[in-house]
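Visitor: I have a new structure to look at. Please show me how to read it.

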Amino acid sequence: MRMSYAEAVGRLRAGTWLRLKAVDRTLPVWIGAALFLIFLMILPLGWIFVTSVKGEQGFTFDGYLQVFKEGALLKAIWQTLIISTWVGVIAVVIGALLGWLVTRSDLPFKRTVRALVMASFVTPPFLGAFAWTLLAGPNAGELNKLYRWLTGAEGHLFNIFSREGLIIVMALYSFPYVFSMIANVCELMSSDLEDAANILGARKWRVALTVTLPLAAPALIGGFILAFLHSLSLFGAPAILGLPAGLHTITTQIWALFQYPPRLDLAAALSVPLLLATMALLAVQKKLLGRRGYSTVGGKGGQKRLVRLGALRIPLFLLVVGILALSVFLPYWILLKASLAKAWAMPLTWDNFTLHNFTFTFFEYGDTQNAIINTFQLGILTATVGTGIAALIAYITNRRLFRGARYLTFFALAPLVVPGVVLAVGLFIAYTRPPIVLYGTIWILFVAYLTKEMPIGFSQAETTFKSIHPELEDASRILGANRLRVLKDITAPLARSGLIATWCFIFIGVIRELSASILLFTPKSKVISVVIFDLKEEGQVGVIAVLGILLLVVSFAVVLSVQWMLAREVVATRE
Amino acid sequence: MKKSIGLALSALLIAWSATALAQDAALIEAAKKERKVVWYTSLAIPSSTMLAHLFMNKYKGIEVEVHRSGSQRVLQRTMQEISAGIKNVDIIHTSDAGHFVLLKDKGLLMKYVPKAVESFPAGFKDSDGFYYGMRATLSVIAYNPKILADKEAPQAWKDLLDPKWRGKQVTAHPGYSGIIMTHVLALVKEFGWDYFKALAQNKLHLVQSANDPAGVVASGERPVGVNGAEYFYYKTLKQGNPIKIVYPKEGVPLVVSPTAIAKDSPHPNAAKLFTEFIFTKEAQQTLADREGLYTGHPEVTYPKDKPVLKALKLLAVSPDELEKRNEEIKKRFVEFFGA
């Protein structure tokens, strides 16, 4: 009943807008936003397809044939699939466990746990990977040294420079995606069904397995796909942990193909399977979530009770602390130590203490200043423009301002299927030639970041507008205000906090971006992540640690100040 | 009569040095107007930063923009920018002499002969005057004496093939470093590709820069470096880290790293001034004293604890051969070592 009523109202309203269209002065703005978006996506991807089939004379499939003929490239594809699958599985296990524990159990210090999961989310995976080389290098790694000291053993506990090491580190920085999905679902899920099972005599754990788990299944699969895709697109972590062990993934292989003499045709041909895989998985995810999705779970109506963990409360809490130690405490500690030590592998005694890494980084090393300026300039610019565009599109699609507006959703979410490296390949080919040469300026990075962050920005903005009922807008329209006035006086104030959160999301996404930047930077347009990667290649541990800490401090400063301003949690969902 | 000849001669000399001075002054003046020079270099970050600051202190008002990366990355960057029509780089400096053969052939270099190089040995000079060896180093073996006793440490290239080193060695990458590119070619010419095929059986830790093995060995992550820039090992050792350098008797690859001015240099005068500067005895002596490098300058003296080059059997490779075999070396190395 309610559904059909809402639908009826929606149709009525859509009809009204259509009739008003002719006189609506804001229409060009909406269309401009749409065109802009199409331009950002179609041009680079179009170039990838063209380049992948363009031979010396005319059309050819040589690029693709070579990808599948050349052992190394095929091996990289295979490795990537194995790695991403495992990352997905581990991320789901950790993410689901933590997501459920903080929403539905009596775990102690839940707020702190949430904040620390957010810290893992904010930590750039390449920085985490770098920290882990210092923690679990088989011989000099701190944890392996500790292990030898404790057990008197000769070998090592864990070698981070391996496929397993890479999987674990990538999972540690992918699980927050699953966590937020699961936490959301668990929060929406009422306890009614669980109560029913309880009344019928099922025990706590049986309820969890037979009722809660199936209810959460779509979110689990969705989370798996999200983590899988996230790890598929990572560049820094595999380059830092995989390459030293002679292990290539698709992203590092594409990057290697840019070396002189560049093989753009192969890079393009290798990008296409990655693109298709991402598309297919997202289609699966949409189907799964679309069909069963949150509607089964229902609104917030029902009652929720916390599951008592009983004797497991403390062991589970220790497990959670352990996981967070791996993703946050230990990496941060080793970065701090490396930044203050002359020799990072030695104990931090007075003899080994130095501030030279800081003075060198900030006062001598020529790249620092330029990179800081570029990074924050791009962060602020992209976040501001991105939030603006995302808000416009979300507003159009949410209020169905013109016919076919919902297709805009497709374009806003489309970049989700394009891994950063692939996007960069497309942008590189598209914007290194006339008529538009953006390569060599920060604008090519701006375009890349804007495109890459659009889906996240859009979903954030969309959620914001969904929560603002159109009644108020309608009321002021009826009273004679035009749409711009309504936007300014009614919608904007209501959407303010949601949009600031969107801004914050995009900003943090931008300042840690590496996989697209690494192909698009030039010396003038270096950003901090690229400088860190450069330094990693030369083994400048101390300077990397200093820049890494800078990146973390700024990210947390932004998150915390926004939280403080809005007095609400931005990244994690509300409790 | 004699007197007048002497007078005429000294007048000529004065006039000549006056013009030279005037030329210098004119160059400095012109360079200062350009305000900066952009240097794409493969010289280690601390060393290139030091050299830049030395120049900036001497010629106030001219900024040196240092962009340091591996030799192969420097070439990649240069070529990418050229193909996109970007004119940014003034001076190109890598440790892969083959790059300069390529760049010269493509007409991308500016002909410029710095004054000081006249007295340099032939191996440091391009006969057509496009590029000159700014520094030289060796690619050597190194080990961590805290972990390995001297008598069990490897002393020769062939010692590194022993299976007892499995999982204990680190190598840098010819696809990144010009020093390692030169190293691989020199050893392939001595021992053939079989040497590297056998070496790869030891499951080496793969890093990029020829400077990185020094840190890896010093930290103990891998006790043996199967190659690496001698100057960076030496520098790391001098900072009190546990490193011993081995100069194998079979021969040590000699790496001469050229520098050249880009043909489309946006700051040509500053580029010339900087090029003049890096070949002065002052700058070259500093590279020897503070960075542990060898140079082509005949008057430069070296730290007492560094071997004299003449006392070593040096393995030199020609820039032409480096250029020709660049792709082959990268490809085969990746084939053996996996990435």
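**Reading the core, the chains and the domains**

Guide: Start with one residue. Beyond its neighbours within four places in sequence, V178(A) is in contact with A91(A), V92(A), G95(A), A96(A), G223(A), L226(A) and A227(A). Contact means that C-beta atoms, placed from the backbone, lie within 7 Å. This is a predicted model: local features need pLDDT of at least 70, side-chain atom pairs count only at pLDDT 80 or more, and totals for chains, interfaces and linings use all residues. Residues are numbered from 1 along each chain as its sequence is written, while chains are lettered from A and ligands numbered from 1 in the order in which they are written.

Visitor: Which residues touch the most other members of the largest nonpolar core?

Guide: A nonpolar core is a set of buried Ala, Val, Leu, Ile, Met, Phe, Trp, Tyr and Cys residues joined through C-beta atoms within 7 Å. Buried means 20 or more other C-beta atoms within 10 Å of the residue's own. Here the largest core has 271 residues, and V178(A), I182(A) and V425(A) touch the most other members.

Visitor: How many residues does each chain bring to the contact?

Guide: Chain A gives 31 residues and chain B gives 39.

Visitor: How is chain B divided?

Guide: Domain bounds come from an automatic or database domain assignment. Chain B has domain 1 (1-33), domain 2 (34-137 + 256-309) and domain 3 (138-254 + 312-337). The C-alpha centres of domains 1 and 2 of chain B lie 27 Å apart. Six residues of domain 1 of chain B are in contact with eight of domain 2 of chain B.

Terms used. Contact = placed C-beta atoms within 7 Å. Buried ≥ 20, exposed ≤ 12 C-beta atoms within 10 Å, placed from the backbone.
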